[in-house]
Amino acid sequence: MPPENTAGETGAQGHYRALERLYASAPVNEKFRSKLEIVGEGLSRLTFAITPDIYHAAGAAHGTIYFKMLDDAAFYAANTLATDTFLLTTSFNLHFTKPVKEGEVVAEGKWVSGRRRVMVAEARLVDSEGDEIGRGTGTFMRSRIPLSSLPGYAS
C-alpha cells in the first residue's frame with residue numbers, strides 16, 4: 001500500500017508524492033540538481049537548469065545530462081503504475097535534436113504501454129525557448145526491490 005504523505009494523501013496521490021520524495025533523496029541528484037513532479041498516472045515532469053559546470057569541451061550541455069533527465073522522466077512516468085516495486089531501466093534509445101547552452105530545461109515523461117512485468121515510456125526535453133532538444137524511449141522492468149523498503153519513498 002502506498003504511504004501517506006505529509007498532506008495526508010493516500011492512494012495514487014500518496015504514491016506520487018512518495019515517488020517525488022524518492023527522486024529527491026537519490027544521491028546522484030546532488031550532482032544534477034533537478035525537481036520531479038508527478039503530474040498524474042503515467043506522467044512526470046522534471047525541471048533543471050543548464051549551467052556551465054555540465055558543458056562538454058565545445059561549450060554546450062553534455063549528453064550525460066540529456067540521458068539522465070530523459071531516463072528519469074520516462075522511468076518515473078512508468079513507476080506511477082507500479083505501486084509495489086522499484087523499476088529498473090533495461091534499455092533506452094536516445095535522440096539528440098538540438099544542443100543547449102543555458103536556461104531551464106523540462107523533461108516530460110509519458111507511460112506508453114505495459115503494466116505487469118515490463119513497461120515502455122517515452123520522454124522529451126524542451127528548452128526555455130520551447131524547442132525540443134532531445135527525446136528518448138525506455139523499457140523498464142519490475143525489480144524485486146519493494147518501494148516500501150526504500151527510505152526516500154517511505155519517509
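## The nonpolar core and aromatic pairs of a predicted model

The largest nonpolar core has 38 residues, and those touching the most other members are Ile50, Ile65, Met69, Tyr76, Leu125 and Phe140. A nonpolar core is a set of buried Ala, Val, Leu, Ile, Met, Phe, Trp, Tyr and Cys residues joined through side-chain atoms within 4.5 Å. Buried means under 20% relative accessible area, exposed means over 50%, and partly exposed lies in between (1.4 Å probe, protein chains only). At least two residues of this core come from each of α1 (11–25), β1 (34–40), β2 (43–50), α2 (63–79), β3 (85–96), β4 (103–113), β5 (118–126) and β6 (132–146). The element that gives the most is α2, with 9 residues. Helices (H or I, at least four residues) and strands (E, at least two) are DSSP runs, numbered from the N terminus.

The model is predicted: local features need pLDDT of at least 70, side-chain atom pairs count only at pLDDT 80 or more, and totals for chains, interfaces and linings use all residues. Residues are numbered from 1 along each chain as its sequence is written, and side-chain values use heavy atoms, with hydrogens and water left out.

Leaving aside residues up to four places away in sequence, Tyr76 touches Leu19, Leu22, Tyr23, Leu36, Ile38 and Ser44; contact means heavy atoms within 4.5 Å.

The structure holds 6 aromatic pairs. Rings of Phe, Tyr and Trp (its six-membered ring) pair if their centres lie within 6.5 Å; planes under 30 degrees apart count as stacked, over 60 as edge-to-face and the rest as tilted. Two of the edge-to-face pairs are set out below.

| Pair | Centre to centre | Between the planes |
|---|---|---|
| Tyr23 and Tyr76 | 5.5 Å | 90° |
| Phe67 and Phe92 | 5.6 Å | 90° |

Tyr23 belongs to helix α1 and Tyr76 to helix α2, so their pair ties together parts that are 53 residues apart in sequence. Both of these tyrosines, Tyr23 and Tyr76, are buried. Phe67 lies in helix α2 and Phe92 in strand β3, so this pair ties together parts 25 residues apart in sequence. Phe67 is partly exposed at 35% relative accessibility, whereas Phe92 is buried at 15% relative accessible area. One aromatic cluster is formed by Tyr23, Phe75, Tyr76, Phe86 and Phe140.

Thr83 is found in the loop between α2 and β3. With a relative accessible area of 39%, Thr83 is partly exposed.
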